[in-house]
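Here is a briefing on one protein chain. Look over the sequence and the fold, then read the points by topic.

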Amino acid sequence: MVLLIVSWDHNHHWGLINYIPRHQNKWVYYVSLFFLLDLGEYIYHVTMHKIDFLWKFHLVHHSDLMVDVSTTVREHPGETCVRVCFLMLWVFLLGPAIAVLMLRQVFQTFFNILAHTEFRLPEKLNNVLGLLFITPNLHHVHHHYKLPYTDCNYGDVLSIWDRLFGTYQQLPRQETSFGIDTHLDPTINARFIPILKIPFGKLERK
């Protein structure tokens with residue numbers, strides 16, 4: 001479906017990219033779309049946290065009590081469907097070529113895996129890289145089990161949106177505890193079927 005939308009955009013010269021000055025230049029084209037697609041992911045992530053119905057699916061990802069690389073793919077099938085729908089919307093609105101989406105996917109996959117590793121970067125390195133990119137240090141804060149930290153550091157690849165929209169936070173490693181305060185039962189969080197049932201239960205927020 002995404003490929004059909006890409007084709008339609010291209011054939012009809014549709015998409016925001018066509019209104020960006022000098023978009024025919026490859027550097028302008030790729031960089032502009034990369035930033036816009038990343039902004040779209042930031043908006044998607046915030047939306048998943050703020051709308052109760054969507055949060056019930058997304059909290060499955062947050063319910064992991066030990067964040068590591070496996071957390072990257074800990075996503076409820078319901079959220080996967082929502083994610084694809086948002087991607088189709090961004091593609092329709094922006095009009096990127098398939099090459100941009102492929103490049104974006106490579107970066108997104110790399111940074112998502114990196115962000116969920118159990119290791120943190122040295123503070124000096126994190127302070128430099130974190131000015132532009134989401135690092136494990138920043139994303140670990142997002143997986144802290146309590147507000148306001150759960151609602152911070154939404155960025156996908158770039159950290160600039162959190163700084164721009166006031167959702168940037170830091171928290172020392174020794175003060176960071178993973179999970180979500182409404183779902184801390186390991187007998188549920190570690191079992192496949194109970195995890196799938198989480199979005200269909202009563203919503204709790206603290």
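In the classes used here, Ala, Val, Leu, Ile, Met, Phe, Trp, Tyr, Cys and Pro count as nonpolar, Asp, Glu, Lys and Arg as charged, and the others, Gly among them, as polar. By that scheme, the lining of the largest pocket has 13 nonpolar, 12 polar and seven charged residues. The model is predicted. The chain holds 10 helices and zero strands.

**Overall fold**

- Along the sequence the pattern reads α-α-α-α-α-α-α-α-α-α.
- The C-alpha atoms fill a box of roughly 50 × 40 × 25 Å along the principal axes.
- A compact globule of 206 residues would have a radius of gyration near 17 Å, so the 18 Å of this chain agrees.

**Largest pocket**

- Helix 5 gives the most, with nine residues.

**Helix 1 with helix 4**

- Two packed helices are described by the angle between their axes and the distance between the axes.
- For helix 1 (residues 2-11) and helix 4 (residues 77-94), the axes come within 9 Å and cross at roughly 10°.
- Helix 1 is therefore roughly parallel to helix 4, as angles under 35 degrees count as roughly parallel.
- Helix 1 brings Val 2, Ile 5, Val 6, Trp 8 and Asp 9 to the contact, and helix 4 brings Leu 87, Met 88, Val 91 and Phe 92.
- By class, this contact has eight nonpolar, no polar and one charged residues.

**Helix 2 with helix 3**

- The axes of helix 2 and helix 3 come within 6 Å and cross at roughly 105°.
- These two helices are therefore roughly perpendicular to each other, since the range for that label is 65 to 115 degrees.
- From helix 2, His 45, Thr 47, Met 48, His 49 and Lys 50 take part in the contact.
- They meet Asp 52, Leu 54, Trp 55, His 58 and His 62 of helix 3.
- By class, the contact of helix 2 with helix 3 has three nonpolar, five polar and two charged residues.

**Backbone points to check**

- Most residues other than glycine have a negative phi, and most peptide bonds are trans.
- Where does the chain carry a cis peptide bond? That bond joins Leu 147 and Pro 148, with omega about 5°.
- Pro 148 sits in the loop between helix 7 (136-142) and helix 8 (160-165).
- His 13 has a positive phi, near 50°, and is a residue other than glycine.
- His 13 lies in the loop between helix 1 and helix 2.

Key:
Residues are numbered from 1 along each chain as its sequence is written. This is a predicted model: local features need pLDDT of at least 70, side-chain atom pairs count only at pLDDT 80 or more; totals for chains, interfaces and linings use all residues. Side-chain values use heavy atoms; hydrogens and water are left out. Axes are lines fitted to C-alpha atoms, for helices over the stretch in contact, and angles run from 0 to 180 degrees between N-to-C directions. Helices (H or I, at least four residues) and strands (E, at least two) are DSSP runs, numbered from the N terminus. Angles under 35 degrees count as roughly parallel, over 145 as roughly antiparallel, 65 to 115 as roughly perpendicular and the rest as oblique. Contact means heavy atoms within 4.5 Å. The radius of gyration is taken over C-alpha atoms; the globule rule is 2.2 Å times the number of residues to the power 0.38.
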